[in-house]
Structure formats: structure tokens, C-alpha cells
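I opened this model to look up its surface and its fold. My notes follow.

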Amino acid sequence: MRRIVRRLLHALALPALLASLWWLGSRGSQSIYAPPLSTILSVTDDVWTTDRLTGDVLPSLFRLTGGYALAALAGIGLGVVIGTYRAVRALTEPTLEFLRAVPPPVLIPVIMLFAGIGDTMKVTVIAAGCVWPILLNTVEGVRAVDGVLAETARSYGITGVSRLRRLVLPAASPQIFAGLRQALSIGIILMVISEMSAASNGLGFTVVQFQRSFAIPEMWSGILLLGTIGFLLSVVFQAVERRALAWYHGLRASKGSG
């Protein structure tokens, strides 16, 4: 229990300090573009009502979840194949490097031509941006599988799905989770950008509407909500990662103590 409280205090110390500095620095501000933090917080309850949460926040989270899940499936699946077979890696590497260099927001007009302006477009944009860190980290994780372990598995006749499940994925999982962590932050950014371009609801759409109507405190409240959502998703991801990679962190701790 003490460890949990200590971690919570460490996690909240810097945000609390920054919020205090913002509160004190903005107190008494008369700028329309930089209202006091107290004003921003006072409008938050009025802005983000139950109707707006269900009409804007939940659709954004559903799009993020869909795009992120598609990127995870495609990135891990293709990454295992590319990382396992040298010929496939040599064949696909130039194309992958080219596609990776294209910024996902640039693809929004192209994707709109084929998918329209509905949720399909937004999910596709999120998936197109999130897939790269997952794919590349999976490839590197699979390539880094210990050669002795690979030979041992081959000697014992562990091949096919059993080899993938018992050797390749566990050995590559630290790299895979590193890619998943990077993809999460990219997904949140692309979620907002896709909703700013063509949408009738969502967090990105709502923040832009506030900005266009000069509802500046409301706009800042949306930005704070986005930051809070990103922080909570990061906390959830870290909890899942610690549980899934408990063996890996335990191994590192034992090597460090040794």
C-alpha cells in the first residue's frame, strides 16, 4: 500500500506543481487568449456535461480504440513475419521506409476520397499513424531473439505456432510494448487532427468549434480534458505492461541486484 501511495505522489507531484504555477501566474489575467486557470476550471462542469461526454468524448475514444487495435494487429502480425524471414525483410524494407516517411495527417485528404468523412476515415488515419512504431519495434524484437534459445527450440522440435507462442512473442514482447506505448501517444494526436479536419462530433471538433466562436475558456477546458485522458490512458497502459512483462522486469531486477 505504501508503495502505491509513494508512486501516486511521485506521479502527481510535477502536475500539481505546474498547476499551482499556472494558477498563480494567470491569476488576475485580463487576456482573452490566456484566461485565469480558475475561470477555465469554473466552466469545465458546465461544458463537459453528460450529453457532451456521450456525444463527443465517447465517440473519440471509440475511434482511438478502433484505430489503435487495428494498428496493433497489423503491426504485430506483419512485424513477426518480416522479422522472421530475411527474404521478406529485404523485399519490404525499401517500401516500408518510404511509407513510414509520409506524415499520417497528409493522408487525410486521400483517405477521405475513399472512406468519406465518417468514422471509417478517422479510424483509418489513426491506424495508419500508429502502425509504424508497433511494426518496427516488433521487427527489431523478433530479430533480437536469442540465437541459443532459437536453436534449443529447434532441437526440441518446437516449431510453427508453438515456437511463435512460447519463444518469439515472449522474447520480443518488451520491444512490442515499447512500440505500443509510442503508438498510444501518436493515436491521441491523430484522433484530434482527424476530428479537426472533417467531423460533426468528437473532442477535436469541439475544441475547434470553441476556438472559432471565441469561447476561449471552454477551448482550454477541452485541451485540459485531452491531457487528462492521455494521462489516464498512460496509467492504464503502464499497469497492463507491468502485469504482462512482470517476468521481464523481475529478470532485470535480479540482474541489477546481482
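**Nonpolar patch**

I looked up which element gives most to the nonpolar patch: α10 supplies the largest share, three residues. Helices here are DSSP runs of H or I with at least four residues, strands are E runs of at least two, and both are numbered from the N terminus. The model is predicted, so I kept its limits in mind: local features need pLDDT of at least 70, side-chain atom pairs count only at pLDDT 80 or more, and totals for chains, interfaces and linings use all residues. Numbering runs from 1 along each chain as its sequence is written, and side-chain values use heavy atoms, without hydrogens and water.

I listed the members: L8, L12, F231, L232 and V235, on the surface, with about 430 Å² of accessible area together. α1 (2-26) and α10 (216-244) each give two or more residues. Such a patch joins nonpolar side chains (Val, Leu, Ile, Met, Phe, Trp, Tyr) within 5 Å, from residues with over 30% relative accessible area and no salt bridge. A salt bridge is a Lys or Arg side-chain nitrogen within 4 Å of an Asp or Glu carboxyl oxygen. Areas are Shrake-Rupley values with a 1.4 Å probe; for residues, only the protein chains shown count as cover.

I checked L232, which lies in α10. L232 is partly exposed, at 48% relative accessible area. Buried is under 20%, exposed is over 50%, and partly exposed is in between.

**Whole chain**

I found 11 helices and zero strands. Buried residues make up 34% of the 258 residues. The C-alpha trace spans about 75 × 55 × 30 Å along its principal axes.

Notes. Patches are made of residues with over 30% relative accessible area and no salt bridge: like charges are joined within 9 Å, nonpolar side chains (Val, Leu, Ile, Met, Phe, Trp, Tyr) within 5 Å. Buried means under 20% relative accessible area, exposed over 50%, partly exposed in between (1.4 Å probe, protein chains only).
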